[in-house]
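Work through these exercises with the model open. Each task is followed by a solution in steps.

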Amino acid sequence: MSPFKEDGLVWMNGRLVPWKEARIHVASHCVHYGSSMFEGFRAYDTPRGTAVFRLETHTKRLFNSCKIYRMDMPYTQEEFNRAVIDTVRANKLRSCYVRPLVYRGYTALGVDPTPNPVDCAVLVWEWGKYLGPEALENGVDVCVSSWQRMAPNTFPALAKTGANYMNSQLIKLEALKNGYSEGIGLNARGHVSEGSGENIFLVVNGALLTPPLSCSILPGITRDSVITLAGEMGLSVSESTVPRELLYTADEVFFTGSAAEITPIRSIDRIPVGTGRRGPVTSALQERFFDIIEGRRPDAHRWLTMIEW
C-alpha cells in the first residue's frame with residue numbers, strides 16, 4: 001500500500017498536474033542511467049503559518065548539482081523557488097516534506113545524456129520522523145557499514161544525485177538486515193564519512209567534531225545550520241578527519257539531515273555511545289534548532305520562507 005495520499009498535485013515542467021498523472025516514460029534517460037538531481041527539505045507549521053526551511057540554500061545546492069553534471073536548468077532559481085511555494089500551497093499542507101527533482105527525460109538512450117531534455121518536478125507529502133517517532137529522544141542503533149562512500153574522482157559527493165544514492169541504499173539495506181536503524185559509511189581511506197542519508201557529528205570533551213567535505217560527504221544544510229547554532233551557543237566546532245574508533249569513545253554522536261533533523265545515536269556496532277542515551281549537547285542543539293524552525297525563537301538567520309495562503 002502506498003504511503004502517499006495520491007490525491008495531491010505535482011509541479012512538472014511549469015504546471016501542476018494530479019499526483020497519479022505525474023508520469024515519465026520508461027525509456028527516460030534517468031531510469032536507465034541514474035541521471036537525476038534532487039533535494040529534500042521540510043516545511044513546518046509555525047504560529048505564523050507554514051514555513052519552508054532554508055529554501056534558497058536547498059535550491060542553490062540543486063542548481064550546483066546540475067552544474068557539476070552539465071545539466072542546463074530550464075528555470076531560474078527564483079522560478080524554482082516559486083514552484084516549491086506554489087506546490088506546497090496547492091496541496092494545502094501546513095507541514096510537509098518537499099522533493100524537487102531535475103532529471104534527463106525521454107528522447108534517446110546511451111551514455112551520452114545530452115540529446116535528452118532536462119525535466120523538472122516538485123512533489124510534496126506528509127512525512128513523519130525519518131528514523132522513527134521516538135528517535136529524536138531515545139536515539140537510534142547504528143553500525144559501521146562494510147560499504148564505503150565514493151572515492152575522489154569516481155562520483156562527485158558534493159552533488160545530490162539519484163545515482164549516488166545507490167551507494168546509500170547498500171549501506172541502508174545492510175544495516176536494516178543486521179538489525180540496525182542506519183549505517184555509517186567510511187571513505188576510501190577508512191575515515192568516517194556520513195550515514196546513508198545524514199551527516200554525522202561527534203561530541204568529544206564538550207566540543208563538536210564533524211568530517212570535512214573532503215571525506216566524501218554531502219554539504220548538508222542541516223549540518224551547516226548546526227555548525228552555526230553551535231557557534232552561537234559557545235561550542236567549539238571542528239571540521240576534521242574522524243578515525244573510526246573515535247565513534248566508540250565519543251561522549252555523544254548524532255545525525256543531521258533535512259529528513260533526520262537532529263537524531264541522537266545511542267549505540268554503534270552494539271557499543272553504547274556515552275551513557276547510551278541522548279546527551280546534553282545533542283539535546284541543547286535540538287531545542288535551539290526546533291525552537292527556530294517551529295517558530296518559538298526569532299529567525300535571526302532568515303532560514304524560514306513563509307507561505308501565504
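**Exercise 1.** Which residues make the nonpolar surface patch, and what is its area?

Solution. The model is predicted, so local features are read where pLDDT is at least 70. The patch is formed by Ile-24, Val-26 and Val-31. Its area is about 270 Å². Now place one member. Ile-24 sits in the loop between β2 (15-18) and α1 (29-33). Its relative accessible area is 44%. Buried means under 20% and exposed means over 50%. Ile-24 is therefore partly exposed.

**Exercise 2.** Find the end-to-end span of helix α2 and check it against its number of residues.

Solution. Helix α2 covers residues 55-68, which is 14 residues. The expected span is 1.5 Å times one less than the number of residues. That gives 20 Å for α2. The end C-alpha atoms of α2 are 20 Å apart, so the two values agree. Next, look for its buried positions. Among them are Leu-55, His-58, Arg-61, Leu-62 and Phe-63. Thr-59, Ser-65 and Cys-66 are buried in α2 as well.

**Exercise 3.** Which residue just after α2 takes a positive phi? Then compare its setting with that of Ser-216.

Solution. Arg-70 is the residue, with a phi of about 55°. Arg-70 is not a glycine. Its place is the loop between α2 and α3 (77-91). Relative accessibility is 71% for Arg-70, so it counts as exposed. Now turn to Ser-216. Its phi is also positive, about 60°, and it is not a glycine. Ser-216 lies in the loop between β12 (207-210) and α6. At 7% relative accessibility, Ser-216 counts as buried.

**Exercise 4.** Where is Arg-42, and which backbone oxygens does its side chain reach?

Solution. Start with the element: Arg-42 is in strand β4 (residues 41-46). Its relative accessible area is 7%, so Arg-42 is buried. Then take the polar atoms. A polar atom of the Arg-42 side chain lies 2.9 Å from the backbone oxygen of Trp-127. The side chain of Arg-42 also reaches the backbone oxygen of Ser-258, at 3.1 Å. Finally, list contacts beyond four places in sequence. They include Ala-51, Val-52, Phe-53, Cys-96 and Tyr-97. Gly-128, Lys-129, Tyr-130, Ala-259 and Glu-261 are also among the contacts of Arg-42.

**Exercise 5.** Is Thr-222 buried or exposed, and what does it touch?

Solution. Thr-222 belongs to helix α6 (residues 221-232). Its relative accessibility is 2%, so Thr-222 counts as buried. Leave out residues up to four places away in sequence. Thr-222 then touches Phe-53, Thr-256, Gly-257, Ser-258, Glu-261 and Phe-289. Check the sequence distance for one of these. Thr-222 and Phe-289 are 67 residues apart in sequence, yet their C-alpha atoms are 9.4 Å apart. A polar atom of the Thr-222 side chain lies 3.5 Å from the backbone oxygen of Gly-257.

**Exercise 6.** Which backbone oxygen does the side chain of Ser-168 reach?

Solution. Ser-168 is in helix α5 (residues 164-177). At 4% relative accessibility, Ser-168 is buried. Its side chain reaches the backbone oxygen of Ser-196 at 2.7 Å. Beyond four places in sequence, Ser-168 touches Arg-149 and Ser-196.

Definitions and conventions. Residues are numbered from 1 along each chain as its sequence is written. This is a predicted model: local features need pLDDT of at least 70, side-chain atom pairs count only at pLDDT 80 or more; totals for chains, interfaces and linings use all residues. Side-chain values use heavy atoms; hydrogens and water are left out. Patches are made of residues with over 30% relative accessible area and no salt bridge: like charges are joined within 9 Å, nonpolar side chains (Val, Leu, Ile, Met, Phe, Trp, Tyr) within 5 Å. Accessible areas come from the Shrake-Rupley method with a 1.4 Å probe; for residues, only the protein chains shown count as cover. A salt bridge is a side-chain nitrogen of Lys or Arg within 4 Å of a carboxyl oxygen of Asp or Glu. Helices (H or I, at least four residues) and strands (E, at least two) are DSSP runs, numbered from the N terminus. Buried means under 20% relative accessible area, exposed over 50%, partly exposed in between (1.4 Å probe, protein chains only). A polar contact is a pair of N or O atoms within 3.5 Å; within protein, one must be able to donate a hydrogen and the other to accept it, and residues adjacent in sequence count only if both atoms are side-chain atoms. Contact means heavy atoms within 4.5 Å.
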